[in-house]
Amino acid sequence: MEDHRWMRRALAVAEQALFVSNPNPRVGCVLVRDGRWLAEGSTRQAGGHHAEAQALHEASLKHTDVRGATAYVTLEPCSHTGRTPPCADALIAAGIGRVVVALQDPNPKVAGRGIERLRAASIQVDVGLFAEDALAQNPGFCARMTRGTPWVWLKSASSFDGRTALPDGRSQWITGATARDDGHHWRARACLVLTGIGTVQADNPVLNVRAVDTPRQPVRAVLDSRFVLDEQARIINGDPVWVFTTQPEAGKISRLAARNVRVIALPADDRGELSLDALMHWLGDHEINEVHVEAGARLQGALIQAGLVDEWVTYLAPSVLGDGPGLAALPVPLADLDQARRYAFLDVLPLEADLRLRLRDPAHWQRLVQACGLMT
């Protein structure tokens, strides 16, 4: 069918915004008339054109008449003025005759109002084609809009027997270069890369994106409950860094601020550690859609046991290390197998000698699907 063909094209166009659009959603728009492609566009960086405006702009550059055309859009056109004017108004002004929308916008400022505005202008609007595919492109945006917290995934690499390092901590490199480069793709699409102070102390990482061409670096963040971060750590390189702590100290905060490090004080949980729930809600309140976690077994285990991990991207090397740290150290040991946190495999991808496995918490996905009004 023609609608399927062009919405698949719009979804492919939306992928162009994968590393670009945060905190806005990744959206694609394709303009078609009488089965002929006219123009297309994807969401630009925040403050730039949304997908619909970009497609209309591309059409105008070619002096293409779009009156009466059909716009295939992966997310409902916005109806409010934010950093940019409403896209619904731009489509109306351009004389678009029909709009096919994959997913209704879960943003309470939109939430059907864009569709209503288009229909009020006598434009035919059809909604729901490939809705779950559009949701899968924007789990973080949709999670933030419906539950108030970002979508969280862990990234890990281990030997075949589940070890992330030798007993002395050496881990460079368990997986090959192709797997490591693929990991930068996941860093690049995130709003924030989160690690723990233990990883900073042990590995002294930079955690920026290097193997992927991206116009935008994610914010890097350190969970440091007791504020022991070494002020000469490599992660402090002039680009934005956030440090979350329960024990702020004014002098150190001032020194770090001069080096583009923001220190955020959050409450402790009942174990005296920084509250992970408070962390996630703070990130949601500050327009963080997707959190990419690269950390040690302790922080990963705490996030898992707190039920805060939505997905897991893990790289498996065909090697056996024997003794050494594992993937996750749960704060409270399980008393029964029924207490295990269970994930569903999404895909397995060979990367030369290694494998990349993607897993998702099925209950989290189901709740997100329902919150966005999709049939299951």
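Colleague: Which residue in E9 does Arg 220 stand opposite?

Modeller: Arg 220 stands opposite Val 241 in E9. Strand E8 (residues 219–223) and strand E9 (residues 241–245) pair in the parallel sense over four bridges, where a strand is a DSSP run of at least two residues (E), a helix one of at least four (H or I), both numbered from the N terminus, and two strands pair if DSSP finds at least two bridges between them. This is a predicted model, in which local features need pLDDT of at least 70 and side-chain atom pairs count only at pLDDT 80 or more, while totals for chains, interfaces and linings use all residues. Residues are numbered from 1 along each chain as its sequence is written, and side-chain values use heavy atoms, with hydrogens and water left out.

Colleague: In what order do the nine strands form the open sheet?

Modeller: The order is E10-E9-E8-E7-E11-E6-E12-E14-E13, with mixed pairing. Strand E10 (261–265) and E13 stand at the edges and have a single partner strand each, so one side of each is left without a neighbour in the sheet. From one strand to the next, the twist averages 20 degrees. Helix H10 (residues 276–285) packs on the sheet, touching E8, E9 and E10 among others, and its direction makes about 145 degrees with that of E9; contact means heavy atoms within 4.5 Å, and angles run from 0 to 180 degrees between N-to-C directions of lines fitted to C-alpha atoms, for helices over the stretch in contact. Helix H11 (residues 297–305) lies across E6, E7, E8, E11 and E12, at about 140 degrees to E6.

Colleague: Where does the charged end of Arg 360 sit?

Modeller: The charged end of Arg 360 sits over the ring of Trp 365, 3.8 Å from its centre, the criterion being NZ of Lys or CZ of Arg within 6 Å of the ring centre and within 35 degrees of the ring normal. The charged end of Lys 252 sits over the ring of Phe 227, 4.6 Å from its centre.
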